[in-house]
Amino acid sequence: MEKTLLIVKPDGVVRGLIGEVISRVERKGLKIVALKMMKLSKEKAEELYSVHKGKPFFQELIEHITSAPIVAMILEGENAIQIVRNMIGATDPSKANPGTIRGDYALTITKNVVHAADSKENAEREIKVIFGTEKPIEYKRTDENWLY
Ligand code: CMP
């Protein structure tokens with residue numbers, strides 16, 4: 001089953017939105033197979049966002065993501081990557097539709113509450129950066145027969 005990485009960013013954690021984000025993914029039917037709160041080091045943050053190195057917003061991005069704890073989770077489900085991207089909405093909250101996490105809870109592009117992997121390759125790479133060799137936990141949701 002497809003896996004993706006979703007991160008509640010420091011602004012989301014400090015604003016008390018961890019539960020709101022988790023609640024949405026749970027209700028959608030996605031399975032949380034790993035969950036971790038951590039404070040990212042500058043090195044880890046730069047590894048996570050290596051694709052943005054050299055861009056004008058890189059430093060601000062690294063400063064923000066290391067400014068307070070994050071909550072990272074691995075989510076599993078059919079088409080999980082695209083589904084989670086749809087749920088978080090456009091990167092710029094001023095363009096994110098209402099009903100999406102950024103559309104409902106954010107105002108600015110740096111403090112946009114959540115991050116999610118945008119491709120299979122990035123999901124695998126980002127999961128490794130955050131969770132290392134830690135294995136996702138296998139279990140069944142009680143509603144799986146009604147989701148698939
Ligand atoms: P995220 O999905 O975490 O991926 C990279 C982040 O860089 C993005 O969300 C934004 O929070 C941040 N960012 C800041 N400025 C920009 C920008 N101009 N374009 C894209 N991302 C930006």
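User: Which residues does Thr110 touch, not counting residues up to four places away in sequence?

Analyst: Thr110 touches Lys9, Glu60 and His64 under that exclusion, where contact means heavy atoms within 4.5 Å. This is a predicted model, in which local features need pLDDT of at least 70, side-chain atom pairs count only at pLDDT 80 or more, and totals for chains, interfaces and linings use all residues. Residues are numbered from 1 along each chain as its sequence is written, and side-chain values use heavy atoms, with hydrogens and water left out.

User: Why is Thr110 called buried?

Analyst: Buried means under 20% relative accessible area, exposed over 50%, and partly exposed in between (1.4 Å probe, protein chains only). Thr110 has a relative accessible area of 17%, and therefore counts as buried.

User: Why does Met1 count as exposed?

Analyst: The relative accessibility of Met1 is 55%, so Met1 counts as exposed. Met1 lies in the segment before S1; strands are DSSP runs (E, at least two residues) and helices likewise (H or I, at least four), numbered from the N terminus.

User: What makes S2 and S4 the edge strands?

Analyst: The open sheet has four strands in the order S2-S3-S1-S4, with antiparallel pairing. Strand S2 (31-38) and strand S4 (114-116) each pair on one side only.

How values were computed. Pairing = 2+ DSSP bridges.
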